[in-house]
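Student: I have this model open and would like a close look at one part of it, the place where the two chains meet. Could you walk me through that part and then show me how it sits in the rest of the structure?

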Amino acid sequence: MSLTLEDVTRIALLSRIDLSAAEREATRDQLNGILGFIEQLQAVDTTGIEPMAHAVDVVQRLRPDVVTETDRRADFQAVAPETEAGLYLVPRVVE
Amino acid sequence: MNWEVVIGLETHAQLQTKSKIFSGSSIAFGAEPNVQASAVDIALPGVLPVLNHEAVVCAIKFGLAVGAQIAPRSIFARKNYFYPDLPKGYQISQFEIPVVSGGGLAITVGSGDAATEKFVHLTRAHLEEDAGKSLHEDFHGRTGIDLNRAGTPLLEIVTEPDMRSSAEAVAYAKALHALVQWIGICDGNMQEGSFRCDANVSVRRPGGPLGTRREIKNLNSFRFMQQAIDFEVQWQINEITEGRAIRQATVLFDPDSGETRSMRSKEDAHDYRYFPDPDLLPLEITPDWIAQVKSELPELPQAMQARFQAAYGLSAYDAATLTASRDMAKYFEAATQACKQPKLVANWVINEVRRFMYEGARDEQEEPLPSEVRDGIPGRDVIRIPAEKLAELITRITDATISNAGAKKAFIELWTGPEQKVDEVIERMGLKQITDTGAIEALVDDVLAANQKSVEEYRAGKEKAFNALVGQAMKATKGKANPQQVTDLLKKKLGA
């Protein structure tokens with residue numbers, strides 16, 4: 001499988017990455033290179049092998065349900081571009 | 001021409017944990033903006049999520065309560081989309097292998113003789129995190145972001161498209177709402193957003209292929225759910241009838257206009273690009289763990305209903321009403337244990353206790369709660385008479401100390417007044433019935449002597465005259481005599 005320029009434009013839009021025409025072509029070639037590696041991997045016969053969701057075969061450690069965090073809003077908001085009344089301000093979003 | 005309505009529901013139930021699903025921040029409602037948003041919740045670089053044990057216990061409880069499969073191994077996935085109240089740029093959810101699959105809920109649609117039973121199948125239930133909140137007003141053209149809610153644990157419960165009317169959808173939503181509270185995994189508070197439903201609605205010709213669905217988002221009351229689905233169904237039928245195809249879309253319900261309107265259409269439909277979250281390992285749930293959670297699960301409403309019918313001889317309707325919430329069921333059982341009068345207790349709880357709880361008639365002046373508040377928080381209002389006191393009051397009816405009418409007066413006083421003893425209330429309000437036959441007989445004799453005209457009219461065949469005599473006799477006893485006893489005595493004396 002190989003990607004077209006249209007595929008790349010769509011992926012860029014979904015990722016909110018602005019690409020110039022030249023960057024789109026370069027990105028397409030790089031992504032197709034990666035897909036080439038994946039094709040090599042897919043050529044391996046994995047019949048009868050259970051798929052894994054993680055590279056390491058261990059299970060999730062769980063955390064006891066205890067509140068351990070304290071209010072650090074002042075620290076976090078000191079480095080935020082814009083805040084007001086304890087809120088982070090962002091460009092207006094309208095659905 | 002007939003149309004068949006097809007509805008599936010997705011419900012987000014906020015889990016009753018103390019901390020968030022992947023961080024140690026509090027999830028208490030009503031805090032100042034962003035004071036419960038830790039480095040993990042606001043997605044600072046380098047942080048890692050760690051799964052909350054209790055959130056998994058909630059999912060297991062739910063799976064057991066609906067007879068579902070609990071996955072021995074389930075996977076967390078990233079659901080990618082851009083929105084400012086989702087600082088990571090993805091929501092951690094479950095996709096291919098959810099923690100709970102299958103199972104279902106038996107529901108009752110309608111009431112009385114028109115009631116029908118139905119089983120709604122569940123597709124799945126999965127664990128995920130909530131997003132933050134966007135505030136679009138008052139920030140001089142900017143949007144304010146509060147991330148306190150980001151990372152709050154949710155169980156998303158998805159049904160098969162099994163429902164065929166808004167009434168069925170509401171019956172299912174109410175049954176689910178009662179169940180999650182019953183098993184203690186969600187507080188069910190719809191005003192605070194702890195229980196929110198999305199409805200997938202389509203219409204088709206009976207037996208035909210499924211129509212294109214539109215999803216109504218964020219229904220936070222049962223009344224709105226009914227209105228929104230009814231409007232949406234009619235809108236879809238009109239569109240198709242007028243030759244326009246339905247396009248898949250997400251819509252919002254506007255309670256003011258009673259209409260649904262499109263939020264986003266298929267053109268910019270999301271492509272979430274799910275993939276397993278490399279920050280989280282597979283969640284393993286062992287049979288031992290499931291067995292342990294099962295042993296701690298309370299008796300479920302349906303089992304309790306069956307037991308109430310068998311053990312106490314209650315009707316299916318009464319048993320279902322009394323098991324609408326665990327608190328009410330416990331109350332019924334405690335009062336019944338104390339006075340051994342299950343049917344009387346059932347009547348008092350269903351008619352009086354429930355009315356006082358839900359209508360907020362704590363005193364005469366108080367306005368009843370508006371229905372949208374009431375139906376969002378059943379059982380929230382407290383029962384103001386302890387079960388033992390209701391039992392005492394009922395005992396005073398069965399031992400003929402007070403009449404039913406007298407008991408109702410005492411009930412209101414006990415509910416609205418300060419804490420006091422049942423017998424003292426009966427004494428102080430003068431509610432004791434006269435049970436001394438001799439005293440009543442003397443009164444009846446006086447009444448007969450004073451109302452010779454009525455006596456003659458009755459003897460001449462006028463039934464009405466008898467009622468007048470009963471009225472006079474009750475008046476003479478100031479309503480404290482047992483009406484049946486008075487009637488019997490009058491009949492005996494007049495018949496003689």
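Tutor: Happy to! Let's start at the interface, where 30 residues of chain A are in contact with 41 residues of chain B. Please keep in mind that this is a predicted model. On the side of chain A that touches chain B, the elements giving two or more residues are β1 (62-63), α3 (73-78) and β3 (87-91) of chain A. The biggest share comes from β3(A), which gives five residues. Sorted by class, this side of chain A has 16 nonpolar, four polar and ten charged residues.

Now zoom in on β3(A). This strand pairs with strand β11 (residues 142-146) of chain B in the antiparallel sense, over four bridges. If you want one pair to find on screen, pick A:Val90, whose bridge partner in β11(B) is B:Thr143.

Which strands make up the sheet around that pair? Four strands form an open sheet in the order β2(A)-β3(A)-β11(B)-β10(B), with antiparallel pairing. At the edges stand β2 (83-84) of chain A and β10 (133-135) of chain B, and each has a single partner strand, so one side of each is left without a neighbour in the sheet. Follow the order across and you step from β3(A) to β11(B), that is, from chain A to chain B.

Next, step back to chain B as a whole. Chain B has 16 helices and 18 strands. Its radius of gyration is 30 Å, well over the 23 Å that the globule rule gives for 496 residues, so chain B is more spread out than a compact globule. The C-alpha trace of chain B spans about 95 × 55 × 50 Å along its principal axes.

Chain B also has an open sheet of three strands, in the order β6-β5-β17, again with antiparallel pairing. Here β6 (90-93) and β17 (275-276) of chain B are at the edges with a single partner strand each, so one side of each has no neighbour in the sheet. Strand β5 (residues 77-80) of chain B pairs with β17(B) over two bridges, and B:Ala77 stands opposite B:Pro276 in β17(B).

Let's finish with two helix pairs in chain B. Helix α7 (residues 326-339) and helix α10 (residues 387-398) of chain B have axes that come within 8 Å and cross at roughly 45°. That angle makes α7(B) oblique to α10(B), and the crossing is right-handed. Among the residues making this contact are B:Tyr331 and B:Ala335 of α7(B), and B:Leu390 and B:Ile394 of α10(B). By class, the contact of α7(B) with α10(B) has nine nonpolar, one polar and one charged residues.

The second pair is helix α13 (residues 437-450) and helix α15 (residues 463-476) of chain B, which pack at an angle of about 130° with their axes 9 Å apart. α13(B) and α15(B) are therefore oblique to each other, and their crossing is right-handed. In α13(B), B:Leu443, B:Val444, B:Asp446 and B:Val447 meet B:Leu469, B:Gln472, B:Ala473 and B:Ala476 in α15(B). This contact of α13(B) with α15(B) has six nonpolar, one polar and one charged residues.

Notes:
Residues numbered from 1 in each chain as written. Chains lettered and ligands numbered in written order. Predicted model: local features only at pLDDT ≥ 70, side-chain atom pairs only at ≥ 80, totals over all residues. Axes fitted to C-alpha atoms, helices over the stretch in contact; angles between N-to-C directions. Parallel < 35°, antiparallel > 145°, perpendicular 65-115°, else oblique. Left-handed = near helix turned anticlockwise from the far one by under 90°. Contact = placed C-beta atoms within 7 Å. Nonpolar A, V, L, I, M, F, W, Y, C, P; charged D, E, K, R; others polar. Pairing = 2+ DSSP bridges. Rg over C-alpha atoms; globule rule 2.2 N^0.38 Å.
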